[in-house]
Each structure stands twice: as structure tokens, then as C-alpha cells.
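Good morning, and thank you for coming. I would like to take you through one structure, beginning with a term we shall need.

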2 protein chains.
Amino acid sequence: MLFISKKDIGKISQEIIQNAVKKAYELVLNNSYNMPDRIHVGDEQNTLLLMPCFSKEFFATKLVSVFPDAVKFNQPAVNGVLVLADNKTGQPLAIMDGAAVTAERTGAVGGLGVDLLTPENLEIAGILGAGVQGLSQARYILFNRRISKLWIGDLNLKAADKMARILEKEFPQVTYVTTDNSEELVTASQLIIAATTSNRPLFKNDPGLVKGKTFISIGSFKPDMKEFPDAVISNADHVYVDTLFAAKESGDICIPLEKKVVEPEKIKAFSSLLAKPVCLENKTCFFKSVGMALFDLTVASAVYKLALKEKMGQKLEF
Amino acid sequence: MLFISKKDIGKISQEIIQNAVKKAYELVLNNSYNMPDRIHVGDEQNTLLLMPCFSKEFFATKLVSVFPDAVKFNQPAVNGVLVLADNKTGQPLAIMDGAAVTAERTGAVGGLGVDLLTPENLEIAGILGAGVQGLSQARYILFNRRISKLWIGDLNLKAADKMARILEKEFPQVTYVTTDNSEELVTASQLIIAATTSNRPLFKNDPGLVKGKTFISIGSFKPDMKEFPDAVISNADHVYVDTLFAAKESGDICIPLEKKVVEPEKIKAFSSLLAKPVCLENKTCFFKSVGMALFDLTVASAVYKLALKEKMGQKLEF
């Protein structure tokens, strides 16, 4: 059995991770996976999420704990462990840092959205939310498109500046602009990715702001969370979600559905894009991701295969 | 974070493990634990069991996979990984071999049954089933009582002989007798522990065989599994189960209840024995264990504390 740390996972190329995310959608298209509903276990104010998923070759169980009070002890509120096992024999193969797998796969989910829902000559993009996931999304924009300018928006300008400085070292050819004004960012950008924990739309409900652009929402994983105003979904020519049933857990989908500003038929599974790409010229696109255990499974499988090949990770004898 | 292997766990004293099992019953008595129902996830012919449990200090999740076809690949059908975490901050603290924790704690559950349900001067005991768990039960009998003779019964006499040879090295003062005739074993023994996967009672339904003895059933974890004839439960002065609700999953409890050969009120929680010991003189006792995640939690917690103290295990950097 192998232990694969955050550091190991961080060294893996974006190409490998994004291909693994693509593989997840292919399994959805071929219906060759088994993903039970994620299981919520409560203990006082804390939550343990258990996310099992099976492919023909492997199965993975991600354990995610959400401890809101951990910050009082200077610890992260969210922790994760992922166990990858062989789906022929049941033998455990690897233990991985679940938070690192989540961070990478979520970046790549956005990245694949950029790849399939923005023109190849995209020049200016904006990230709303300068947290860990904002940084990961930025890296995947820059992996998929040769943009000239990246806007970074956060109410905390220091966080936005810090993220710009990190990216400057990795991608010095890009111009970085930081702002605490999201309308300014949306006005200037052709692609907008939001990775926040916002409960209210991050900019005003103005069709003029959104037309002809691509919007990707990575936050808003609960019905009372919303990153984009209704103008995004109601003006979008193409609306995609990573998982049709789970996306209804997000306020960015359930609120417009409830208000009937969007027809349910307009919302399509992202996997269908792999089978049949759409015309993007002058189109407005919206992609809402809520994540799924199948991404963890295909990314962990790819990480494990690479670890075997390149002798990565720490050996554990059971 | 620590990785604690089967080898490490095997080195831990029986006293520590059995005290940890006792601690689980104390938590039951004080109602200071949270044990959600175990979760069964199916994938074709295979099963993944997820067993989370919380105490004030720690929480543990045991993942057990049951792959009946693994034997075709010369692999064990059952595998397990246990993740122990801090219940203040949610931080993962240790990964352990789940099968090793299960094997040890199940031995100690029987051991505590021996301690509280057999006279101190017990001389002759018998084990039905010479598998991994039979061996573990034997070690815990020998830890709790200075017996002179141990009967080992199995339809496969070679397995029984092999187990006798292993025990002879560890406990040379004991006489070992092997048999494929369980009536002979029950007739000769004052304590009988069964650790089999039998679907039918292992000996005949004869009150004369059972009176004045102690019976412990470790197998029969499903409604269609049964180790003892009804004469055991119907003649028993004391009937205990480790978990009142889950014991009804065992044929050794649900079949006699259904046939009304026992009143439900006669079946008591083993934890009550800790609060109030019972008179054992010339009494017939029956203890049915089906196991519970709380045992895994308290044993894993004790293993972790010892590992920290004695610098056991392999360090993992997340």
C-alpha cells in the first residue's frame, strides 16, 4: 500500500489531473461507474461526509470532516482522507490526502469547463475569490488558455494581491489586476470563474454585463448559496452542470428554477459536451459544478498509477 | 499522522486491548458516544461497510470491504482500513490495518465475556472453529483464565491441529485436544466459544449438554447464521448481547425469539454486567456478540495513545 501526500499530489502535471477529470465524464457517458449518494454523518456541530465510488478497476472512499470550530485551534475546518482500493480483490492500494485530491480535481473540473466552453483565443479572464480554490482555478485557466490578463477579485484586496504574487512567479507573461469591485472584473473579462462561499450574487443582475461571456461557478454547493445573478442563467445559450441531480443542491441552479427564470430542459449534463461539442461563437455559457465522488475516484486512480510508475509516495506494509 | 500496521497492533498487550473494549461498554453505560448505523454500500457481488463512531475525544471510521471472489486471486475476501481522527479539530491522526483492529477487538470482546461470565477457577474450555478468530478467542481465554485443558474443534482436523501447535508455543502449560466432534467438545468443556460461519447449530439440541456452562457466540452475524441450538438460550440463566438492537441481526437471537423459545426481556445488554455483576455459581450463561463500531473506536484510540507513547508506527506527512 502507498501513502501519497499533498506534496506528491502537487507535483503531478495538470494535464494528468485534467485528463482524469475528463475520464470521469467518459465513465458517466458510458454509464460504467457506481456512485452511491454521499453519506452525511452528524456529530454535534460537526459533519463527516463519506463519499464512496466504484469503477470497474478501482474503488475510492473519500472521508471529509467539516469541523467549523477547528479554526479556534488554528486548524483547518475541512480535512480529508481518501482510500483507493482494487475493485477486483478489494485490497487497499493507497491512502491519499483527501483535501489535496479535492483541490486538484476541482481546479481541473473548472479547467475542462474552460477548455470546452471558451474560445481558444480567450484573452482576459477573471477569478472571483482569492482562496485556495481561486488559485487552483487560475492555474487551470492558464493551463488551458494563453491569456494576456487575469483579473483577481476579492473583498480582501490583500488576499487578491497575495494570489497575484504567487501566480506572477509561475506565469510571468500574464498581467495581473486585482480589485475588490466584482462589476469591474466582470465588465473587463470574457471568462469569469467564481470560487467563493457567497450566499448572495457577487455582481448586479444586469444582462448587459453577462452577454457573450462564459461563467463558471465552483462555490455555491448549498441551496442557500449563490454566486451569480439570475441574468447569467437566463441569458445563457448553454447551461451545463457536472451532475444533473446534485446540481439542484446549489442556489445557482435551484433558485432560478424555483423562480422559473430558467426551464429545467435548458440545463444539460456536462458529459454530453464530450460527445457533442457546441458552437461557442458570441454565445453566453454557464457551467455550474458541485463536484462528485467520481472525480475523486478517477483522479486518485491516475495519481496511483503515476505513483507506481514514478516510485512516488511512501510504502506502507499492512 | 501515523500509520499503524498489523505487526504493530499484534505487539500490543491483551490487557490494553481488553481494557479498551471495557471502555466501550463504559461509554455505552454513560451514553457518551455517537454510533450511527453501519452503512452498507453494494457494488455487484461486493459490499463496502462504512462504520463511523464518535467519542468525546476521537472519532473513527472503519472501512471494510467484503469481496467474495477475492479468493480466486489468492487474496483475503475481507479487508479493512481504519481512520482515527481528533474529535476537537477533525484532524486525521492515524491510519490502521482495519482487519487487525477487528481481529484483536473481537478476541477481547470474547475475553471480557470470559472474565465476567465464567468462574475464576475455570479448568476446561473449548473453541469451535479453528480460524483466525478462533485463535484470537483462544488467546483471550488463556489471558483471562488459567485453564488446564483447551479443546479445539473443527471439521477440518488439520486446521485444529495447526492452531494447537501455534498455541502450544505460546502457552506450553496447557493440554490441547483436537476433535471434529463438537458434541464431544461441548460435553468436556465448561466454557464453549464458537467462532464459525455456520448456518446450522454446531451440536445437538440437548439441555443435558448445556446446563451449568457458559456459551459465547462470536460468529452468526446474519439472521440465517446460527452456532448454538435453542437449548443454549432457553436453558440460560443469563443471556447477554453486546448491542441490543444489532444482536437481532444474528440467527442465534432472532430465530429463538421468533420461535418464542426465549422472552425478549431475558436478553440483556452486556454493558449492564459492568454496573452489576451477576452470580455465576452453577449457572448457565449465554453471550452473543455481533460487534460494534464503538469497539473499533476505543481500541483504535488505545492503540494510538500507546503508539505515541512508545514511538510505534510509521510517520506520514500529509
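When I say that two residues meet or are in contact, I mean that their C-beta atoms, placed from the backbone, lie within 7 Å. Helices (H or I, at least four residues) and strands (E, at least two) are DSSP runs, numbered from the N terminus. What you see is a predicted model, in which local features need pLDDT of at least 70 and side-chain atom pairs count only at pLDDT 80 or more, while totals for chains, interfaces and linings use all residues. Residues are numbered from 1 along each chain as its sequence is written, and chains are lettered from A and ligands numbered from 1 in the order in which they are written.

Let me start with a helix pair in chain A.

As for geometry, helix α2 (residues 14–30) and helix α11 (residues 293–310) of chain A pack at an angle of about 130°, with their axes 8 Å apart. Axes are lines fitted to C-alpha atoms, for helices over the stretch in contact, and angles run from 0 to 180 degrees between N-to-C directions. The two helices, α2(A) and α11(A), are therefore oblique to each other. In these terms, angles under 35 degrees are roughly parallel, over 145 roughly antiparallel, 65 to 115 roughly perpendicular, and the rest oblique. The crossing of α2(A) past α11(A) is right-handed; a crossing has that hand if the near helix is turned clockwise from the far one by less than a right angle, and is left-handed if anticlockwise.

Chain B has a corresponding passage. The axes of α2 (residues 14–29) and α11 (residues 293–310) of chain B come within 8 Å and cross at roughly 130°, and that crossing is right-handed. The contact of α2(B) with α11(B) divides into 12 nonpolar, one polar and one charged residues.

Helix α3 (residues 98–117) and helix α4 (residues 132–144) of chain A pack at about 40°, their axes being 8 Å apart. That makes α3(A) oblique to α4(A), and their crossing is right-handed. Among the residues in this contact are Gly107(A), Gly110(A) and Gly111(A) of α3(A), and Ser136(A) and Tyr140(A) of α4(A). The contact of α3(A) with α4(A) divides into seven nonpolar, eight polar and three charged residues.

What does α4(A) lie across? The helix lies across β7 (124–128), β8 (149–153) and β10 of chain A, running at about 165° to β7(A). Those strands belong to an open sheet of eight strands, in the order β9-β8-β7-β10-β11-β14-β12-β13 (chain A), with parallel pairing. Two strands pair if DSSP finds at least two bridges between them. The edge strands are β9 (175–179) and β13 (267–269) of chain A, each of which pairs on one side only. Within the sheet, β10 (residues 191–194) and β11 (residues 214–217) of chain A pair in the parallel sense over four bridges, and Ile192(A) has Phe215(A) as its bridge partner in β11(A).

β5(B) and β6(B) pair in the antiparallel sense over five bridges, with Pro92(B) in β6(B) as the bridge partner of Ala85(B).

Finally, how do the two chains meet? The contact takes 36 residues from chain B and 36 residues from chain A. On the side of chain B that touches chain A, β3(B) gives the most, with five residues; that side divides into 20 nonpolar, 11 polar and five charged residues.

A rotation of 180° with 0.0 Å of shift along its axis superposes chain B on chain A (RMSD 0.0 Å). That is the relation of a two-fold axis. Copies are superposed by least squares on the C-alpha atoms of residues with pLDDT of at least 70 in both. Moreover, 100% of the interface residues of chain B are also interface residues in chain A, so the copies meet through the same surface.

Conventions: Ala, Val, Leu, Ile, Met, Phe, Trp, Tyr, Cys and Pro count as nonpolar, Asp, Glu, Lys and Arg as charged, and the others, Gly among them, as polar.
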